[in-house]
Amino acid sequence: MAETLHYRELGAAPRVLVLLHGLFGSAANWMGIARQLAPDWRVVVPDLRNHGRSFHDADVSYPALADDVQALLDALGLERAVLVGHSMGAKTAMWLALTAPERVERLVAVDSAPVGHASGVAGILRGLAAVDLSALSDRAAADAALADAVPHARVRDYLLQNLVRQDGRWHWRMNVPALLAGIDAITGWPEPPPDARFLGPTLFLHGGESNYVQPAHEFAIRALFPYARFRSVPGAGHWVYADRPAEFLAALRAFLA
């Protein structure tokens, strides 16, 4: 791959932990958690392709995303790392663990399972694509333009973190056209290679108020991750680490210990 993911790095401990964000996110989403882990870990936090400051590409598949993360490990001279991914980032981490298990010391999948799931993100992407960026006066105008497609103010605030002004023009840091074209791949899950298994320690850490990880998913999870453990964070929705950061950190540290 010609390009390497943009990333941030904190801490200098021997063990390496990589934090992978979800759809519409960036490394910035993880920085509060990363700062608390940095005294004990070398924490690497990339922007995945088509997000943040990383490159744009039409391929949004999980094999491509996992290849990017493996290439970043190579560029940093890292043989292995603990991978912690949220949502899309969790599926990226799962795919890397299944296809290059020697690179993954431990795996934490945050509010995600190796299955396809229905969601409203296609509607959100259509709403983003419909915003006339050339007519925007400020962020408040963008917020108003998104209100019909994205009625929840908290979600709009999250999305608008991706709106930046450069050279006098507004633009989305996300590659909205590619994400919209590939949304079925992002919300889906590809067929793993035959006999793919990750036999390392694995934690599926999910929000107690979220439906992304359900009891019905356990068979699919254990078929690929036989040593999976499950832990729910009460009171947390899909954004587990943002909704209940202290509880999330306690569960993560207990697993890593």
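How many bridges join strand S1 to S3, and do the two run parallel or antiparallel? Select residues 7–10 for S1 and residues 42–46 for S3. The answer is 4 bridges, with the strands antiparallel. Keep in mind that this is a predicted model.

**Stop 1**

Pick Glu 9 and look across: Val 44 in S3 stands opposite. Now check how covered S3 is. Of its 5 residues, 4 are buried, so the strand is mostly covered.

Next, select residues 16–20, which form strand S2. S2 also pairs with S3, this time in the parallel sense and over 3 bridges. Click Val 16; its bridge partner in S3 is Arg 42. To see how the chain gets from S2 to S3, select helix H1, residues 31–37. The chain passes through H1 on the way, and this β-α-β crossover is right-handed.

**Stop 2: the whole sheet**

Zoom out. S1, S3 and S2 belong to an open sheet of 7 strands. Follow the order S1-S3-S2-S4-S5-S8-S9; the pairing is mixed. S1 and S9 (228–233) are the edge strands, each pairing on one side only. From one strand to the next, the twist averages 20 degrees.

**Stop 3: helix H3**

Which strands does H3 touch as it packs on the sheet? Select residues 88–99 to bring up H3. The helix touches S2, S4 (81–86), S5 and S8 (202–207). Its direction makes about 150 degrees with that of S5.

Try the distance tool on the end C-alpha atoms of H3: they are 17 Å apart. At 1.5 Å a residue, the 12 residues should span 16 Å, which agrees.

Now look at burial. In H3, 11 of the 12 residues are buried, so the helix is largely enclosed by the rest of the structure. Among the buried residues are Met 88, Lys 91, Trp 95 and Leu 98.

**Stop 4: Arg 103**

Move on to the loop between H3 and strand S5 (104–110), and select Arg 103 there. Is Arg 103 buried or exposed? Its relative accessible area is 10%. Buried means under 20%, so Arg 103 counts as buried.

Show its neighbours. Arg 103 touches Gln 70, Leu 73, Asp 74, Leu 78, Glu 79, Arg 80 and Ala 81, leaving aside residues up to four places away in sequence. Finish on Glu 79. Its backbone oxygen lies 2.7 Å from a polar atom of the Arg 103 side chain.

Notes: Residues numbered from 1 in each chain as written. Predicted model: local features only at pLDDT ≥ 70, side-chain atom pairs only at ≥ 80, totals over all residues. Heavy atoms only, no water. Expected span 1.5 Å × (residues − 1). Buried < 20%, exposed > 50% of the residue type's maximum accessible area, 1.4 Å probe, protein only. Pairing = 2+ DSSP bridges. Right-handed = clockwise from strand over helix to strand, strands pointing away. Polar contact = N/O pair within 3.5 Å; in protein donor to acceptor, adjacent residues only side chain to side chain. Contact = heavy atoms within 4.5 Å. Axes fitted to C-alpha atoms, helices over the stretch in contact; angles between N-to-C directions.
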